[in-house]
Amino acid sequence: MQKFAPSLLAVGLAAALVGCQESGPQDPKVTINKNPYPSTYQPVATSSTLITNATVLTGTGERLDEADVLIVDGKVQQVGKDLTANADTTIDAQGKWVTPGIIDVHSHLGAYPNPSVESHQDGNEMTSPNTAEVWVEHSIWPQDPGFNRAREGGITSLQILPGSANLFGGRGVTLKNVPAHTMQGMKFPDAPYGLKMACGENPKRVYGRKGVLPMTRMGNMAGYRTAWIGAQEYKREWDKYDADYAAGKNPEAPHRDIKYDTLRGVLEGDVRIHNHCYKAEEMAMMIDLSKEFNYHAGTFHHGIEAYKIADLLAENGSCAALWPDWWGFKMEAYDMVQENVAIVDAVKNSCAVVHSDSDTTIQRLNQEAAKVMFSANQNGFDISEQHAIKWITANAAKSLGIEDKTGSLETGKQADVVIWNQSPFSVYAKAEQVFVDGAKVYDRNDSAFQAQSDFMLGQQ
């Protein structure tokens, strides 16, 4: 009688058992909920509104003088001159300016709220170089008075990001800037998630002091590559599980790892990269990194040296979210020019954005854009107001993946609208009325539309 080695018998038995498990009756399929904390935001029911006789910057590069904007059911229905409509409310905006709602792609409101006390420092999970598993929305305090101050400056949408201590800082979230008691009540429906990454000095300083990789810029790159290798393997495991299950097999689901859920989301195009990165050579390396692992490099934030690689950014389809004049506060922030935004913007197919990264400049992001426009025009550029407004509206919406919903005054888009007392690029500009989805959320002359957070009630 033929005899088999015990080891061969064990291998054969294991293979048979696996075969039986995969071909037998299927267990319930394991699926991952990609949005377990869904938005509960509901637009306020609105009447129709006709804004007349305004100077309108549409966010598409067009300026219309003595023009009208018609809002119906929370959407922009029509923009043009001498519109005839029986609107429920008519606002005579003679001498005033109208723009799309302002969008800030880089804010920490709610995660680093006011009052700025230790117990409110919830934006940087500085416990590991890779904390892709954390979601900043779980830190957001909706009662931060900064949301109201930003609304008074015309901000209708904003992205909240984790801080920049880590190579992978965690997920960001896009919010509607409306008064709410919960984060979900502000969450922009169907806006893509973002993933905060950071280049340069911050991660290597934070972890180098602890004797943990990264201590150098080469350590930074090694950390990114190691993480993406793990993410690719995780994606392969889940793709195989899904394919086997679809083929009628009964495979065992892979181990769940919420860190890799986020990185897998990037590889699948569901999560957008937002990368804190100052230096030209590092931004170029991050683009190469994205090509190595087959994802899109997304938006570069701060980008002090973006002007050096403006053509590369445009070629890659990467937006650059920049300050007008912050520089010199650390070594990687020294090689700055005040025409940075304008130089990036000048390249065909570019996407230049002006951001705040500040609870104060978010209150006047229109004037941050104005500083760029005036500085550039003093140095040979010819940038108009109708073009510059795109840096804080249409281009910002593109960066966040919500350009099909907001960012410009076009028929069918959400009626996120600001009425200004004069040109928003004036130092004397003030937002007089602000609308989100056609509902008035701020009126400078009516206290009924001047929301106060619970924290501010009773404050002197």
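A polar contact is taken here as a pair of N or O atoms within 3.5 Å, where within protein one atom must be able to donate a hydrogen and the other to accept it, and where residues adjacent in sequence count only if both atoms are side-chain atoms. The model is predicted, so that local features need pLDDT of at least 70 and side-chain atom pairs count only at pLDDT 80 or more, whereas totals for chains, interfaces and linings use all residues. Residues are numbered from 1 along each chain as its sequence is written, and side-chain values use heavy atoms, with hydrogens and water left out.

View 1. Asp92 belongs to strand β4, residues 89-92 (helices, H or I with at least four residues, and strands, E with at least two, are DSSP runs numbered from the N terminus). A polar atom of the Asp92 side chain lies 3.1 Å from the backbone nitrogen of Gln94, and a polar contact of 3.1 Å joins the side chains of Asp92 and Asn53. Asp92 and Asn53 are 39 residues apart in sequence, while their C-alpha atoms are 6.4 Å apart in space. With neighbours within four places in sequence left aside, Asp92 is in contact (heavy atoms within 4.5 Å) with Thr52 and Asn53.

View 2. The strands follow the order β6-β7-β8-β9-β10-β11-β12-β13 with mixed pairing, two strands being paired if DSSP finds at least two bridges between them. At the edges, β6 (102-107) and β13 (352-354) each pair on one side only. Strands β9 (residues 193-198) and β10 (residues 271-277) pair in the parallel sense over six bridges, and Lys196 stands opposite His274 in β10. Helix α6 (residues 280-292) packs on the sheet, where it touches β9, β10 and β11 (299-302), and its direction makes about 155° with that of β10 (axes are lines fitted to C-alpha atoms, for helices over the stretch in contact, and angles run from 0 to 180 degrees between N-to-C directions).

**View 3. The largest nonpolar core.** A nonpolar core is a set of buried Ala, Val, Leu, Ile, Met, Phe, Trp, Tyr and Cys residues joined through side-chain atoms within 4.5 Å, buried meaning under 20% relative accessible area with a 1.4 Å probe and protein chains only. The largest such core has 79 residues, and those with the most contacts inside it include Phe168, Tyr224 and Trp391. Its largest share, six residues, comes from helix α9 (residues 365-377). Not counting residues up to four places away in sequence, Tyr224 touches, among others, Phe168, Met197 and Leu289.

How values were computed:
Buried < 20%, exposed > 50% of the residue type's maximum accessible area, 1.4 Å probe, protein only.
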